[in-house]
Structures are given as structure tokens and as C-alpha cells.
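Subject: Structure for you to look at

Hi there,

Here is the structure I said I would pass on. Have a look at it first, and then read on for what turned up in it.

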Amino acid sequence: MSTNKDIATEPKRKSSALNDPQVRGYIFQTLLIAFLVWFGWVIFQNTLHNMESRGITTGFDFLQNPAGFEILMSLIPYSSNDTYGRTFVVGLLNTVLVAGLGIFFATILGFIIGIARLSKNWLVAKVASVYVETLRNIPLLLQIFFWYFAVLQPLPSPRQSIDFASAVFANNRGLYVPAPIAGDGLGAVIVIFFLGIIGSIFMVKWARKRQEATGQQFPVLYASLGLIIGLPIITYFILGAPLTWEMPELKGFNFKGGVRVIPELIALLLALTTYTASFIAEIVRAGIQSVAHGQTEAAAALGIRRSVALRLIIIPQAMRVVIPPLTSQYLNLAKNSSLATAIGYPDIVSVFMGTTLNQTGQAVEIVAMTMGVYLVISLTLSFFMNWYNKSMALKER
Amino acid sequence: MKKRMSVLTGALVATAVSATAAMAGTLDDVKARGELLCGVSTGLPGFSLPDDKGNWTGLDVDTCRAIAAAVLGDAKKVKFTPLTAKERFTALQSGEIDVLSRNTTWTHTRDTSLGVNFTGVNYYDGQGFMVQKALGVKSALELDGASVCIQAGTTTELNLADYFKLNGMKFSPVVYDTSDQTVSGFASGRCDILTSDQSQLYALRSKLDDPSKAEVLPEVISKEPLGPLVRQGDDAWFNIVKWTLFAQINAEELGVTSANVDTMLKSENPNVQRLLGTSGDAGAKLGLGANWAYEAIKQVGNYGEMFDRNVGPKTPLQISRGLNALWTKGGLQYAPPLR
Ligand SMILES: N[C@@H](CCC(=O)N[C@@H](CS)C(=O)NCC(=O)O)C(=O)O
């Protein structure tokens, strides 16, 4: 520090840039990074070389070879004729699916329980705290096994399925729901739905400007509901309801038709959601409690209704405390989804690092690719959450 | 900085060197350690199963015990490492075990690209199907649309896809990591079928609460030669593992058993003399003592004894010799001559 000051206060003297501590810092950091990259590369090459000399095949050519095995669930068309490269994509998408759905449901459930813990109703608050204390103290793997082996597997066999209105069926092979089949014109309904969303965004901006300028309020909520839901529904009926449903039906051993949600996905999703929600609930509770009580009182003194105060004053301030730890819960959830392999959900670890690795034996390449996937998922999530955090941060006017 | 760099480069060179050093000398390692490290399955009745005291029994287990007897003179000096199908090759490649003896099928890909060598076949098998009797299925060709429980990282996964594709049928695979999970998936009704090598189907069926509720279909859809394997690049060790099994098969052919091996030491038959080391230097050529095969046969038995004790008609698995009979009795078990 002191040298820094000395340089700054000394009269400007012509000296080599190398003496500038900042420049020097950059040079050393660049050198360090270059060294680390070189070091990693040498290790990688060395490993591959050693493996080659022991007769172990290396390289990425295997990605073009036919896989020869089937996968339980795939979001893209896949058969055993496809390549190992495609098994990578199938596994990746299955991981993204369960992580995405998990984050969505865990956030909703976590917020509800976090707010419930602060409820003035004794029963609601107690139920919420029992939930949090139980779920976050039981290892996640046990919870996954509980849902899978204790709850879903004992369901009846397909021939004795539990039947909801002959449209939805539950059995030990999964949950079967009717599949929507698009008719002519459904595209238009979807386009209008998205136009409704865009329209609402503009409307919200316009309404805010108008309120700032004139103080007049606009019923934003109802108007956007009308745009996003009402308009598409009207279009749907004007076009003659262009949507039919394909019902699941028992044929041979299993149900055919409809959409099938496999029990492995349901169990994993339930476990990830309820487990992570217990942590999110604590984060939300802490966030709300961190907002000084004076804020609530000040709002009341200004005559602002409690619900409005919560929405406009408490939650925005609480969010600043909530978002950073929330991000790390999202990252945990994404990484925890790799426990899928324990119950046979075909995520990237099970399909790619499991079966593909075993059939090809190319451990180093496959493990590196799988690690890369988790790294990219985590970095994307953090990037997005940091951006959101910035947009929520205190703006000084 | 410079100093640190040279330390790191030194470490790198050291890893590179030690990696090549680990390639040879398994025999010396085993002798120095006084113990054979053997990879087996996590629990498959008849092949490798620990009892409640941690004693392992089974055909794959005995295959390792015979090697320990030949090399160390004591069939008990084996440390067994239970491995799932997914873990087994890495365990062998990384040097965690000396031999993998875990109902592993000898295939072209495994032999050519994993850096391992199969040393022989201790059980000729083929893939089959087990179904719940209640389904009333009598042939594998009636299985269109079925859910199938399988274990990850096996040849089973590949054969299954081929078989259904060839016969124009569809199926949905439910893939688990361990055989216990696979059995539980089948028992709970998550799957209609469990598929695996036939010998393992009988073994897994004996693990069910009520084995009589399940039945094994007649079809055999693949060739599964199961046998021990070692790391590629250590030919001396490869020869020892290979010839221990051959010695046991030759012993059966020559009528040498654990019960009569001591009297056989006086045999006039030159084949028996070479086997038991009373003449010739078969042991020395392997880098072992003259009594290498004697110890293996005395302590573990010949191939037939090993088979009968673990999976034969008098065991719960009740498997007949079939393909695993000696070539002289219409089977495939045939060992090159010991001379
Ligand atoms: N022979 C086949 C299959 C071997 C295999 O792992 N079979 C399963 C049967 S479900 C098994 O033995 N599991 C026992 C275990 O995981 O411990 C192969 O080499 O890929």
C-alpha cells in the first residue's frame, strides 16, 4: 500500500512499465494462467499417452460409433442405431430437464414454506418448521430411495392401474396422461399467447411511466391476464378448438398412447424439489426477517396496505439478501440431480458416464466431457442469477 | 517461481515413470504383498458371494483361490474386492486388483480397447430372460412392449437391443447399477422381465422372496464366454492366470482330484507327472514352484470339483455341466496340453 502511495505522490518519472505494480500484476497473472493451462494439457496428454501404451483406446472417435443400446427416456428421437455422441445429448437433455423442473418447483414450494414459517397462525408456522427441520436433515439419497422404492414401486401393476376419470392412470410403470395432438391453427393460438406476453411487458413499462408522471394507476394484473390467457382462449374457440387428446390405453403388457412420465423421473423430481425447498424456505425466511421492522411501520404510517407493502417494500429488499444463497441452492440442485443413476433415471451420469463409458472404456474422455457439462450448467446458472441480482440491487437515485 | 516449476515438472516425470513401471511385475507385487487382489461381483450366489462372516464362495472366487494357491501356496491369501459391472474394468486398469474374475464376457471391444487380456473361460454362458409366471408368457417372442430390468455396463444391454430389433419388437429398458436393485425392480413389478446371463438368472432367482413365482424362458439369445482377465502388458502374469485354469481343466481330464492328488504324485502317467511337477519344469517356466498345480488342485480342486461345489446339480442353482463339460464328454472345456 505504502509503495503505491509513494509512486503516486512522487513527481512523474520516466520508468519502465515493468516497475508499475499493476502491470507487473497482470504479467504474473497471465504467466500463471498460461502455466496452469500448459500444466493441465501436459497431464492430459501424458495420461492419454500412458493409456495408449497400455493398449487402452483413446481419443474422441468413439462419439461417431453406433451405441447399440436403448435408453428408457429421451427428449429427442433416439434408437440403438444412433451414435454414442447422441447418447451424450440424450443424457444431457434429461439432466437439464430434471434440474430445470426441480429448480422451478423447489422455488415455488420453498417460497411458500418460507413465508408460512413466519405466519402468525401457530399451526401453519409449526407445520412449516417441522417440514424444514425434517427434510433438510435426511440425506438426499435416502429421500430418493424413499420416493422410489417405498412410494412409487408398490403402486399396482398396469392391469390394476389407479384410474382417474379414465384419462389419467398411475401404476408402477409411471403416470400416464392424455397427449395433446395439435390440429390446424393451433400454431396461431401459440403465437398469440407469446404476443400476449410481449404485449404485457410493454404495458407494464408504459403503466409505470404513466404512474410516475401522473400518479394514476392502471389495472396491470387484470389487463395482462386478459392478454396472455383470455386472448389465446378466444382465438382457440374461434378457430374451432384445434386440439384433440390421445388417451392412454392398456395394450399387452403396458399402456400405449398418451404421455408417460416414468417413475424414476417422478421420484427424483419429488426428492430434489422437497429437499431443496427446505433450504430455500430458510433462505426466504432469513431474507424477510432481514428487512428492518421500521420499513413495515413506515409503510403503515404512510397508509399503505399490508399486501401492497409486502409486494412493493418488503419483498424487493428481502430479495437482495435471498438471491446469492438461492443461487447456490440452484447449483446444488443441478449437481445433486446426478444421484439419478441410483434409481436408473437416464441422466448424463447414468447414460453417458455409466453405460457409454462401460461399453467404450474411454474413461478419461467421458469423465472430462461430463465434468464439462456440469461446469457449463453451473456457470450458466450463476451468470443468469448474477445478472438478476444486479438488476435487483439497490439503485441509488 | 522457477524452483516451483522444476518441482512440478519433476513430479510430472515421476508420474510418467511410475505409470510405466506399474506395467510389469504383477507376480513380484503379489509375492511381496503375500496376497492376491481379486475383483469379484458384489454378490451372485454360486459365482461370488460373501457369507455373514465375510468368507467368499463361488466359482469366480475359487478361480482366484486357485491362482493364490499356485503362486503363494495358500488358497486363503486372497483379498476380494466386490465390484459392480460399471466399476470392474477401471479397477483392473488402475491396478486396484491383480485379476478380475467377475462373470465377465470375453468380447472383441473389451479385448482390443480396454488394455486388458482375457485368460480363458471358466464358464460358457448365454443370455436369457426371467419373467413373472403370472404373465403367462412362454417364449421370448411374446415380449413385445415389455419393460426390462438390466444392469448398467453389461453386454446384456447390447444383446437385448439387438434381439428386440431383429425380431421387430419394442421394449423399455430400466437400467440399474447393482444386481440387488435390478432384482428389486423385477420383484416389485417395475419390469416384466429381468435379463442377464442364464447362470446369473438362476442365481438371482434364488434371491427372490418366492423363487417359484418367476421362471426362466427357454431362449438363449447370445454367447457369453465368462472368464478371468488381467492387465495387458504383463505377459508373465497373463501366463500364470491362464495356465492355472488350464491346469485345473487338465487335472479333471486326467482324473486328478483334490482327494487323490497325493497318491497321484506317484503316478506313472507322464502327463500327470508334468502336471504335478514330479517331472519336467512347468512351474519354473511360469516363474513358480514345481508344486504350483499340485497346490491349486489340492486346495481348490480340479475344474469339475470347482463347478460341482458351487453351481452343480447338488447346489441350489442345480446347473448341469452342459457346455461346460469336458470336450471328451461333449462339452467345450478344452485346455491345451501341458508339455
Ligand atoms: N456377462 C455380462 C454381464 C455380467 C453382469 O454384471 N451380470 C449381472 C447380472 S444382473 C451381475 O452379475 N451382477 C452382480 C453384481 O453386480 O454384483 C458382462 O460381462 O457384461
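Over all chains, the structure holds 14 salt bridges. Please keep in mind as you read that this is a predicted model.

Now to the place where the two chains meet. On one side, 43 residues of chain A are in contact, and on the other, 50 residues of chain B. The area buried between chain A and chain B comes to about 3800 Å², and carbon and sulfur atoms give 51% of it. Within chain A, the residues that lose the most area to chain B are A:Arg54, A:Phe253 and A:Asn358; together they account for 20% of what that side buries.

The rule finds 2 salt bridges between chain A and chain B. A salt bridge also joins the side chains of B:Arg190 and A:Glu264, at 2.8 Å from N to O.

Which helices of chain A each supply at least two residues of the side that touches chain B? They are helix 2 (21–53), helix 5 (140–152), helix 8 (263–290) and helix 11 (348–360). Helix 2 of chain A gives the largest share of that side, with 8 residues. By type, the residues of chain A's side divide into 18 nonpolar, 19 polar and 6 charged.

Finally, do look at the ligand. It is surrounded by 21 residues, and the closest are B:Thr42, B:Thr105, B:Gln151, B:Thr155 and B:Asp197.

- B:Gln151 has a side-chain N or O atom 2.6 Å from an oxygen atom of the ligand.
- B:Thr105 has a side-chain N or O atom 2.7 Å from a nitrogen atom of the ligand.
- B:Arg88 has a side-chain N or O atom 2.9 Å from an oxygen atom of the ligand.

On its own the ligand has 510 Å² of accessible area, and the protein covers 100% of that.

Enjoy exploring, and write back with any questions.

Best wishes

Key. Residues numbered from 1 in each chain as written. Chains lettered and ligands numbered in written order. Predicted model: local features only at pLDDT ≥ 70, side-chain atom pairs only at ≥ 80, totals over all residues. Heavy atoms only, no water. Contact = heavy atoms within 4.5 Å. Buried area = accessible area lost by both parts, 1.4 Å probe. Salt bridge = Lys/Arg side-chain N within 4 Å of Asp/Glu carboxyl O. Helix = DSSP H or I, 4+ residues; strand = E, 2+ residues; numbered from the N terminus. Nonpolar A, V, L, I, M, F, W, Y, C, P; charged D, E, K, R; others polar. Near = heavy atom within 4 Å. Polar contact = N/O pair within 3.5 Å; in protein donor to acceptor, adjacent residues only side chain to side chain. Areas by Shrake-Rupley, 256 points an atom, 1.4 Å probe, with all protein chains shown as cover.
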